[in-house]
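Dear colleague,

Please find below the structure that I am handing over to you. The notes that follow it set out what was found.

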Amino acid sequence: MTRTLILCFALVSAGVMRAQYPVPAPPTPLTEALLMAQRPSHFSEDQWRRIIRNPGNAGVYPIRLTPSMLDTLDASKLDKRYFYKLMPGSPANCADQPK
């Protein structure tokens, strides 16, 4: 009887915890496109998608932008959960730069 109650409590509490912490939404299409364009060469596309969709990694890999990119992109469509770093120069400066 006690084991049954403990098991029921564990299942109910797991369901409550799941409701409190829903699965995060994927990044916006613009943000994901920028992240994929700046994918480090040592990650495959599938590995990189798994990494960038993990909310804990949003600050580990900042998205590098240049002033010319901000002129052409709609900044309101960028995902606010990610960090952005303004880089000088052309968009070519954003590829495979050390952090």
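How many salt bridges does the count come to? With a salt bridge taken as a side-chain nitrogen of Lys or Arg within 4 Å of a carboxyl oxygen of Asp or Glu, the count comes to four. Before these are described, a word on the basis of the values.

This is a predicted model, in which local features need pLDDT of at least 70 and side-chain atom pairs count only at pLDDT 80 or more, while totals for chains, interfaces and linings use all residues. Residues are numbered from 1 along each chain as its sequence is written, and side-chain values use heavy atoms, with hydrogens and water left out.

Overall architecture

The protein chain contains four helices and two strands, in the order α-α-α-β-α-β from the N terminus. Helices (H or I, at least four residues) and strands (E, at least two) are DSSP runs, numbered from the N terminus. Of its 99 residues, 25% count as buried; here buried means under 20% relative accessible area, exposed over 50%, and partly exposed in between (1.4 Å probe, protein chains only). The chain exposes about 7,100 Å², of which carbon and sulfur atoms supply 64%; accessible areas come from the Shrake-Rupley method with a 1.4 Å probe, and for residues only the protein chains shown count as cover. Among contacts (heavy atoms within 4.5 Å) between residues at least 6 apart in sequence, 55% join residues at least 24 apart.

The nonpolar core

A nonpolar core is a set of buried Ala, Val, Leu, Ile, Met, Phe, Trp, Tyr and Cys residues joined through side-chain atoms within 4.5 Å. The largest such core has 14 residues, and those with the most contacts inside it are Leu34, Leu35, Trp48, Ile63 and Leu65. Helix H2 (29-37), H3 and strand S1 (63-65) are the elements that give two or more residues to this core. In soluble globular proteins, nonpolar side chains tend to be buried together.

The buried residues of H2 are Thr31, Glu32, Leu34, Leu35 and Met36. They pack against H3, S1, helix H4 (67-72) and strand S2 (84-86).

Helix H3

In H3, the buried residues are Trp48, Ile51 and Ile52. These cover an arc of only 90 degrees around the axis, and therefore lie on the same side of H3; the arc is that of the directions from the helix axis to the C-beta atoms. The opposite face, turned away from the buried side, carries the exposed residues Asp46 and Arg50. The buried residues of H3 pack against H2.

Leaving aside residues up to four places away in sequence, Trp48 touches Leu35, Met36, Gln38, Arg39, Pro40, Phe43 and Tyr61. Ile51 lies in helix H3 (residues 45-52) and is buried, with a relative accessible area of 18%. Ile51 and Tyr61 are ten residues apart in sequence, with their C-alpha atoms 9.4 Å apart in space.

Side chains of opposite charge can pair when their charged atoms come close. Glu32 forms a salt bridge with Arg49, with the closest N and O atoms 3.3 Å apart. This pair links distant parts of the chain, since Glu32 is in helix H2 and Arg49 in helix H3, 17 residues apart. Glu32 counts as buried at 13% relative accessibility, whereas Arg49 is partly exposed at 29%.

Arg49 also meets Glu45 in a salt bridge (3.8 Å, N to O). Glu45 and Arg49 both lie in helix H3, four residues apart, which is about one turn of the helix. Glu45 counts as partly exposed at 43% relative accessibility. A network of salt bridges links Glu32, Glu45, Arg49 and Arg53.

The side chains of Asp79 and Arg81 also meet in a salt bridge (2.6 Å, N to O). Asp79 is in the loop between H4 and S2 and is buried, with a relative accessible area of 7%, while Arg81 is partly exposed at 39%. Which residues is Asp79 in contact with, leaving aside its neighbours within four places in sequence? They are Pro26, Pro27, Thr28, Thr31 and Tyr84.

With kind regards
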